[in-house]
Amino acid sequence: MFNPYARWMNRWELQLAGRDKNRVERPFEWGLDWLDLDGAADPARALADAASGWLADSPSFYSYRIPADWELKDGRLTFTSPLPSRYPENDVVHAQWFPAGGDRAVVVLPQWNSDSEGHVGLCKLLNRFGISALRMSMAYHDHRMPAELSRADYHVSSNIGRTIHACRQSVLDARACFDWLESRGYSRLGILGTSLGSCVAFIALAHDPRIRIGVFNHASTFFGDVVWTGLSTQHVRKGLETVLTQDQVRDCWRVISPASYMDMLIGRKVPTLIVWGCYDTSFLPCFSREIIRGFRERKLDLRSIKLPCGHYTLGQPPFNYIDGLTMCRFIQKNL
């Protein structure tokens, strides 16, 4: 059926996505050395066996040692990541601190490839609602980016093991941020994530009972499905599809997929907000509907907001204003 608005929105999405000229197509790699599984004669079997154990005991997989070297200077918190990588700059976590008084604070995780200014405006808006915000840079982003990169490619790439390691690192870093907030006297804690940040935020929420509220800007079930079908990750898919199918990619990355941990929220009272775009070309709407359905089937405390925009356009006026106010009001009311 002809829908001129949908066609216009799709053209706008493509235009915004096309601004990034530095996407790099990289060859497929199993990357088992990132998971201490190197040397296996059958990489697929070795990863499948290991992932089965990680999923069966995910609290251990996402456990960590609390950092002891927090330093707050000029509004920037730094500490050593609980999960080291091979890049010294990536292993220093950077988080910008926006205090607002009181005992309510939210850890904010921006989207994939966000620069250091991403979501700063949102943090300042949260302050106006009386909520303190700690904006964390995820693995390989802005200050944590190795000199050889121009994008945060090592967080999501056709290297299976490195992508798992990066997501796990970001989850542990986010959880460590809550330790710092607790040490400062904050007791009502929430998490807000956008796009890739929403995936990391969901896994942190599922594994950390201290987090009382979750806000997910763009949401999906399986990490692999988003990478395979999304507009913003087609350069990653080109490397993956030389060796794997979509189903195989989904299985490889189940351990970093929100769908794997939804049952962990059963019995917890965690008010949750999902904001999604019905013309999203990166997190396809069918996946957002699927995770919303999963919340409702489990009778979890969920509010979902559908906006008439896509992935990139959610960051453009007027949708970004609607989005920001919706999230801040939800947090103010429920945290």
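## The second largest pocket

In this predicted model, helix 2 (43-56) and helix 9 (246-252) each supply at least two residues of the lining of the second largest pocket. Helix 2 gives the most, with 5 residues. The volume of the second largest pocket is about 160 Å³.

The residues that line this pocket are Trp30, Ala44, Arg45, Leu47, Ala48, Ala51, Leu244, Gln248, Asp251 and Cys252. By type, the lining of the second largest pocket consists of 7 nonpolar, 1 polar and 2 charged residues.

## Ala48, a residue of the pocket lining

Ala48 is one of the residues lining the second largest pocket, and its place is in helix 2. Ala48 has a relative accessibility of 36% and therefore counts as partly exposed. The class applies because the value falls between the limits of 20% for buried and 50% for exposed.

Ala48 can also be placed relative to Trp253. Along the chain the two are 205 residues apart.

## Cavities

A search of the whole structure finds 3 cavities of 30 Å³ or more. The largest cavity has a volume of about 60 Å³.

The lining of the largest cavity is made up of Val24, Glu25, Arg26, Asp153, Val156, Ser157, Ser158, His235 and Val236. These residues divide into 3 nonpolar, 3 polar and 3 charged.

## Thr272 in strand 8

Thr272 lies in strand 8, which covers residues 272-277. Is Thr272 buried or exposed? Its relative accessibility is 1%, so Thr272 counts as buried. The cut-off behind this is that buried means under 20% relative accessible area.

The side chain of Thr272 reaches the backbone oxygen of Val270 at 2.9 Å. Which residues does Thr272 touch, not counting residues up to four places away in sequence? They are Gly214, Phe216, Phe295, Asp301, Leu302, Arg303 and Phe330.

## Two residues in review

Thr272 is placed in strand 8, and Ala48 is placed in helix 2.

Methods: Residues are numbered from 1 along each chain as its sequence is written. This is a predicted model: local features need pLDDT of at least 70, side-chain atom pairs count only at pLDDT 80 or more; totals for chains, interfaces and linings use all residues. Side-chain values use heavy atoms; hydrogens and water are left out. Helices (H or I, at least four residues) and strands (E, at least two) are DSSP runs, numbered from the N terminus. Buried means under 20% relative accessible area, exposed over 50%, partly exposed in between (1.4 Å probe, protein chains only). A polar contact is a pair of N or O atoms within 3.5 Å; within protein, one must be able to donate a hydrogen and the other to accept it, and residues adjacent in sequence count only if both atoms are side-chain atoms. Contact means heavy atoms within 4.5 Å. On a 1 Å grid over the protein atoms alone, a cavity is a set of points where a 1.4 Å probe fits but cannot get out, and a pocket is an open set with protein on both sides within 12 Å along at least five of seven lines; lining residues have an atom within 4 Å of a point. Grid points are joined across faces, edges and corners, and a volume is the space filled by probe spheres set on the points. Ala, Val, Leu, Ile, Met, Phe, Trp, Tyr, Cys and Pro count as nonpolar, Asp, Glu, Lys and Arg as charged, and the others, Gly among them, as polar.
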